[in-house]
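Good morning, and thank you for coming.

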Amino acid sequence: MNPLSAFSHEVRRMLRERLTLLFMAVTVAITVWFCLNSSGTTAVDAYILIPSKYSAFLGALLFTLLTLVQFHRDYRNNTDNIILSYTNPIFYHLRRTLSLIGMAAITTLLSSVFTLPYALIKTGAYFQADTFFASWYLIFFGALTLSILLTSGFYMLFKRVEAAFIIMIGLIILSGLLDYHRYDLNPSYLLFWVQTNAEDFSDLVSNQFQIDTIQWNRLFCFPVALGVWIFGLSSIRRYGHGFLSSFIENSRQIWPPVSLVLTITLAGICWSAEPIFDNSIPMDLYVGKTEEVQDSGTGLFTFSFGDDEDENTELLLTDKKADVTIDTDNRTLTGEAVYSIENLTGEKQTLSLALNPGYTIKKAKVNGQEVKAIRDGVEQNNEATWYIDIPADKLTTVEVTYGGHIENNRSLSQTPWSGICREYVRIPRTCFSPSTNISAVEDLAFTWSLRLDEQLVPEFSGSLVEKLDTINGKVRWSGTENDRRNISLTAADYHTKTFEAGGLTIDFIYFAKHENEMANMDAIKVMKAAIDYFTEVYGPLVYRDHLAMLELPATFSGGYAAGNTSAMDETHFAAAGFLPGETDNPDNGSGIDTIIHEIAHQWWGLATFLKTDDHSYWSAEGVTCYSTYRFLEHYYGQAYAKERFIDVWQRNWQTYENAFYVQHPDYLAKLSKSDASNVMRNLQSIGLYNIMPLQILQAETALGGSEALMKKLSELYQNNLFGFITYEDFLSTTGLTEEVLNIAQKDNL
Amino acid sequence: MKIELKELQKTYKGGKHALKNVSLTLTSPSLIGLVGPNGAGKSTLMKLLTTNLLPSSGEILLDGIPLVKQEKKLKAGLGYLPQEFGLFENLTTTQFLDYMSALKCVDERGTKSEIDRVITLTHLQEKRGAKIRTLSGGQKQRVGIAQALLGDPRLLIFDEPTVGLDPAERVAFRKLFTDTAKRRLVILSTHIIEDVQSACDHIIILNNGEILYTGTPENLINEKNARSLEEAYMILMDGRKIA
């Protein structure tokens, strides 16, 4: 038999069936409907990603039904009685499955006749071909293909149409539920088999990091589905035998069992060797540590600095240098770091260096002699620890050559925020150079240099930098830090506008593609007003001579403040939110709130450190949320501020009070460590961002009004610059008690 | 072509013995009628011959080699019409036969003429462009026979092929089977004794999974001293002469 001829006849047969054409037409119609009716945070999101994800769900359902029709109808009608007398059933089912995938491909191409020009028209200058391809061909077509493989696999396995249908419906619903639980249970992105976990695509910069996750999702899901299909194929009932005998009979041809083993192995490799996220163990809530990063909007917060308890005081870091190169073609970072260390013990010691888990130490030298660097198996907080033996000599120089692909922190979220690609680079502090826990001299100078593509404009959070030279299309940047901390950077095709506010010079750094919108909405006006307002009510930001306002990709879904930078994602720059005088609904998307929130963090969280504890929700977030509310009430009026803040806080407080694990905290102990940690993080988020601001409002009432409380906060700020502020400090400054203010007990969780 | 059945037994899961120690030799060219009451084991035997089932014990040899080892060879030279079958209802007669030609490895260059040939043999000329779902039961039966004839297979197995055909068509198809059997091995399973008497040169009578008779129809009539094959068959089955 000519396999190609038989396959083409099978395809033609399907295309001649009205029912097949109907399923294809309905699927195409669904893609058109979702294109016309979806909404999203960005244009690419609304007109490409979201329609493809919704279409993937219904498309998967429709192709599940079509597959069952094709397989079951021919069995029920005894058409198989004739067909299988002439052909090997394994090859027949192979042809039929491939033909169905062919139908899915034709459906996708037909839908592209609409979706492509529609996306081109609607997204205009923001259109990205790779994003379109990933959305419609990897997500949508991928979902159709996976549903065909899984459905036919389950049908052949169970030989019962209802069993295959129920399983498929279950799997489709499960994929949707993963989205629902993505923030509390943080499920692996590899399991989102229908729609993937891609979200919040950017209009302004490459979505390569998210496309990476889509590709890996498909790379994992495809062998899994193929494995189910081959297993089903291997169990096709033959010669009147049952499941086991048929499986043994079919396995006499060597390729089905070999293929089954290969696909299972491949799926296992894809799962375990997944390169985008690390294997960090879940990070329990850190208490009593200094927050380096204040992250808002995402409901997530990271603590990565200030833990001196683990400091190794037997070694002293006297000098550190790092020379780093970012290769955007290979998407890697490589570097050489040199540490000058004083051994205070006169005995052999072990130096531990923490690196991003995606990096390796390729070479290590101690006093010029090559030595071994040994990696610890445990990864925590997005760091893998490497150990290097140090001699008893008083002065030691350690040189390490390191590098690799950045891995994101799995324990926080399965959205890749960090990485390197040609259009966008984001290097968090843990990824620049190996950090160490040894104590450091007070006047430590960490000198670094960085080579980066010249088309990328970098923003270094809080670091003073110098542009040295440009060689072979790469700019060399250099800077010096005064402590052990690494630098972090974000680089893209950025434009910068500079303005004055609060006695400071402010750099507003935004994506070049946003140039016209930024000018039209006059974003600088509200930033200037906010900085002036907070300077007036709390006091000046004396610790910096300049601030940076940084625009981030939509993927961040919020903002953060770090160093002298307040950052917020592109969706917060919606023109409507910046033109209050021209519309009754000044902000449709809360964007301006986040910008003000991140500016307020410069006072609360960066100029002062609000120390968390285990009995209250006191943190920088609560005071920052309150400050944001106060400024926006001043800027837009009381009604706006009440609706956008107080009402929301109270609703979320009720949600907290009604939460199952708040009502039944004993059940938290029954969850796995990972799940309990995720649930706690969710509740903690409500406590920080909603309950504490309500408590501060309560303090305001107790003190007799906002003016009195703002004075107290100003006092607290000015008396504790660069220092820690505890909840007890707040209570003593205001003269209030914990009992008066606390509306939700954290202790019992 | 020579098919040898050696002590063939088939017992189904529930314990039903469909065939008991059946031994036979079928040689080409020949038109063999397989007759027996319902549940005699005819369809089981057909399924064993087409490898849709495997025997519980015993073996089938095709030209001296076990059939199970040359399933591919068998399928390449087989024309089969099962008793119960479905067709792709959305295809036209020609499209369906074209599809089956591809499955049966009919030379692509000769597909059209081969389809024309079987359409002519089965008198479907007027229905060649009609969707199968619009055909009558008898016309669908003819399409089923046509697909079996495609590629001029060495072995043709028809399970109740004339069911649903009108008397004139039955006569025509009997002649077709007779003509085909001059060059091929044709096995015809039927309830209609008349078909066997007028067309088959060899008859196998099965009952309760056992062979009651194998030989020519004439010999059976003579052995039973009957006036017709039908009468001889009834005597064989009931052990008495029909008045």
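Let me begin with a term: a crossover is called right-handed if, with the strands pointing away from the viewer, the path from the first strand over the helix to the second runs clockwise. Please keep in mind throughout that this is a predicted model.

With that term in hand, turn to chain B. Strand 7, helix 6 (residues 167-180) and strand 8 of chain B form a β-α-β unit that is right-handed. Strand 7 of chain B, residues 155-159, is mostly covered, with five of its five residues buried. In a regular strand, side chains alternate between the two faces of the sheet. Here B:Leu155, B:Ile157 and B:Asp159 point one way from strand 7 of chain B, while B:Leu156 and B:Phe158 point the other way, and all are buried.

Which strands pair with strand 7 of chain B? One is strand 6 of chain B, residues 78-81, which is parallel to strand 7 of chain B and pairs with it over four bridges; within that pairing, B:Tyr80 has B:Ile157 as its bridge partner. Another is strand 8 of chain B, residues 185-190, also parallel and joined to strand 7 of chain B by five bridges. There, B:Val186 of strand 8 stands opposite B:Leu156.

Two buried residues of chain B deserve a moment. B:Gln141 sits in helix 5 of chain B, residues 137-149. Why is B:Gln141 classed as buried? Its relative accessible area is 9%, and the term applies because that value is under 20%. Leaving aside neighbours within four places in sequence, the contacts of B:Gln141 include B:Leu81, B:Phe85, B:Glu160 and B:Pro161.

B:Phe88 lies in the loop between strand 6 and helix 3 (93-103) of chain B. B:Phe88 is buried as well, its relative accessible area being 3%. Not counting residues up to four places away in sequence, B:Phe88 touches residues in chain A, namely A:Arg13, A:Asp74, A:Thr79, A:Ile83 and A:Tyr92, and also B:Phe96, B:Tyr99 and B:Ile132. Between B:Phe88 and B:Tyr99 there are 9.7 Å from C-alpha to C-alpha, at a separation of 11 residues in sequence.

We now move to chain A. Helix 2 of chain A, residues 18-37, has 20 residues and reaches 28 Å from its first C-alpha to its last, close to the 28 Å expected. Among its buried residues are A:Phe23, A:Met24, A:Thr27, A:Ile30 and A:Phe34. Seen down the axis of helix 2 of chain A, the buried residues fall within an arc of 145°, so they line one face of the helix. That face packs against helix 1 (3-15), helix 3 (43-76), helix 5 (89-123) and helix 6 (129-158) of chain A. The face turned away from the buried side carries the exposed residues A:Arg18 and A:Trp33.

Next, the nonpolar cores. The largest has 83 residues, and those with the most contacts inside it are A:Phe63, A:Trp193 and A:Tyr424. Helix 6 of chain A supplies the largest share of this core, 16 residues. Apart from it lies another core, of 82 residues, which includes B:Leu48, B:Tyr80, B:Tyr99 and B:Ile193.

Finally, a sheet in chain A. Four strands form an open sheet with antiparallel pairing, in the order 7-8-4-12. Its edge strands are strand 7 (374-380) and strand 12 (435-436) of chain A. Strand 12 of chain A pairs with strand 4 of chain A, residues 349-355, over two bridges, and A:Leu353 has A:Thr436 as its bridge partner.

Conventions. Residues are numbered from 1 along each chain as its sequence is written. Chains are lettered from A and ligands numbered from 1 in the order in which they are written. This is a predicted model: local features need pLDDT of at least 70, side-chain atom pairs count only at pLDDT 80 or more; totals for chains, interfaces and linings use all residues. Side-chain values use heavy atoms; hydrogens and water are left out. Buried means under 20% relative accessible area, exposed over 50%, partly exposed in between (1.4 Å probe, protein chains only). Two strands pair if DSSP finds at least two bridges between them. The expected span of a helix is 1.5 Å times one less than its number of residues. The arc is that of the directions from the helix axis to the C-beta atoms. Contact means heavy atoms within 4.5 Å. A nonpolar core is a set of buried Ala, Val, Leu, Ile, Met, Phe, Trp, Tyr and Cys residues joined through side-chain atoms within 4.5 Å.
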